[in-house]
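Colleague: I'd like to learn how to read helix packing and sheets in a model. Could you walk me through it?

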Amino acid sequence: MNAQPPAATGPVVEVRELVKDYVTRDARLRQHTARAVDGVSFEIHPGETFAIVGESGSGKTTVGRVLLKLTAATDGTVLFGGKGILDVPERRFRLERRHMQMVFQDPLAAFDPQTTIRSSLREFTRLGGLETRTEQNDAIAEAIRSVGLEPDIAGRRPSQVSGGQLQRLSIARSLLPEPELLFLDEPTSSLDVSIRGQIVNLLLDLQERRHLAYLLVAHDLRVVYAMAHRVAVMYLGQFVEVGSRDQVYADARHPYTRGLLDAAELDDPPRSGEPVRLVGEISEEAATKAGCRLTLRCPYAVERCEEPQPLRETTAGHLVRCWRAVEQPVEIGLRANE
C-alpha cells in the first residue's frame, strides 16, 4: 500500500513536551507518582496517519486520551488548529470535541447494549449540529452507507450484529460530527484476522476521501505498516525512535524497535541490521531512570547508557534515543549512518 505522506499543509494537531503523571497510594497510604507520558512531541497533518507502537504499559493510549481531553494532562502543550486546548474548560471544549473523535478497541463495549444502533448514532448527529429528526436520520443512513453497510442495520441492537459490522458502525458514528482527527485505539485488535484487512482498507479509503488525520495506536505491526505515514516507537513514556514508516521498518536504529520488529516476524519489508532479542519484560521501575530505560533488557547496554539520552537525528526526519545508534552503529549490528 502507498505510504507516501500527504502534501505539506499546516498540522491539524501539535503536541509539545506532553507529560502525564498518575498519582496513587499504597496500602500504607503513601503517595506514589507514575509518569505514563514523559515529554512527548509530535504533529499530525491532514490526510496523515501518525502511529504510536509499543508494548502494553508504554503509555501510547494515554497520549491519545490526553489529546482528546478524556484524561487531564500534567504538563505540556496541545494545539488543535493552532489553538491551545489543554486549559479550555470542559464545558467550552465539548463543542470543539466534534472535530476530534475516537474509534475504540472493543466496538461492543463502545455501544449501549440497551438501545438501538440508531439511538447511539443520533447523539453524534447533534454534535454535528443537526436538530431535526429527518436530518439526523438522513445523516445516519449516509454514514452507514459510507462504511459499506445497509441503513436498516441501524434498527438493531449491538448484540445483533457481528464484531466487524459493529466496528464499521463505530467508524460511521465517529464520522457523523465531520471530524478532522480520528484517534484509532487498536481498531482491529478485537476482530478476527479475516476481518482486520477489511477495516484497514475502509479506514484508508475514508482517509483518502475525507483527508482525515489519524492518530493510530496499535500492537499489530502489520496494521501499522499498512496504514502509517510516520511511526513513533514508545517505551515507558518516551519516544525512543521516530521516523517515516519505511525508515522505522526497513532501517530501525533503536534496539527496542529492532526487538519489536524481530519478534513480529514480518515478511515485509526487508530490514537492515542484526537481529535483536530483548530479554525480560517492561518494568515500571525503569521509568524513573535518568538514562536509557531499556538497559536491563538491551544486549548492547554499556555504562554510558545510564546517562540521559535525548532524541537525536540519524538521517533527515529519523530520530533515535540511543547514543550508540548515532555514534557507534556498526558496533551494535547496524550499517554506518549515511
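Predicted model: local features only at pLDDT ≥ 70, side-chain atom pairs only at ≥ 80, totals over all residues.

Colleague: In what order do the eight strands of the open sheet come?

Modeller: The order is β6-β7-β8-β3-β9-β10-β12-β11, with mixed pairing. At the edges stand β6 (100-103) and β11 (312-315); each has a single partner strand, so one side of each lacks a neighbour in the sheet. From one strand to the next, the twist averages 20°.

Colleague: Now the helices. Are α5 and α6 roughly parallel or roughly perpendicular to each other?

Modeller: Two packed helices are described by the angle between their axes and the distance between the axes. For α5 (residues 163-175) and α6 (residues 193-210), the axes come within 10 Å and cross at roughly 20°. Angles under 35 degrees count as roughly parallel, so that is how α5 and α6 lie. The contact includes Ile171 and Leu175 of α5 and Leu202 and Leu206 of α6. By class, its residues are seven nonpolar, three polar and two charged.

Colleague: And at what angle do the axes of α3 and α4 cross?

Modeller: At roughly 110°, with the axes coming within 9 Å; α3 and α4 are therefore roughly perpendicular to each other. Among the residues making this contact are Arg122 of α3 and Ile140 of α4. The contact has four nonpolar, three polar and four charged residues.

Note on methods
Residues numbered from 1 in each chain as written. Heavy atoms only, no water. Axes fitted to C-alpha atoms, helices over the stretch in contact; angles between N-to-C directions. Helix = DSSP H or I, 4+ residues; strand = E, 2+ residues; numbered from the N terminus. Parallel < 35°, antiparallel > 145°, perpendicular 65-115°, else oblique. Contact = heavy atoms within 4.5 Å. Nonpolar A, V, L, I, M, F, W, Y, C, P; charged D, E, K, R; others polar. Pairing = 2+ DSSP bridges.
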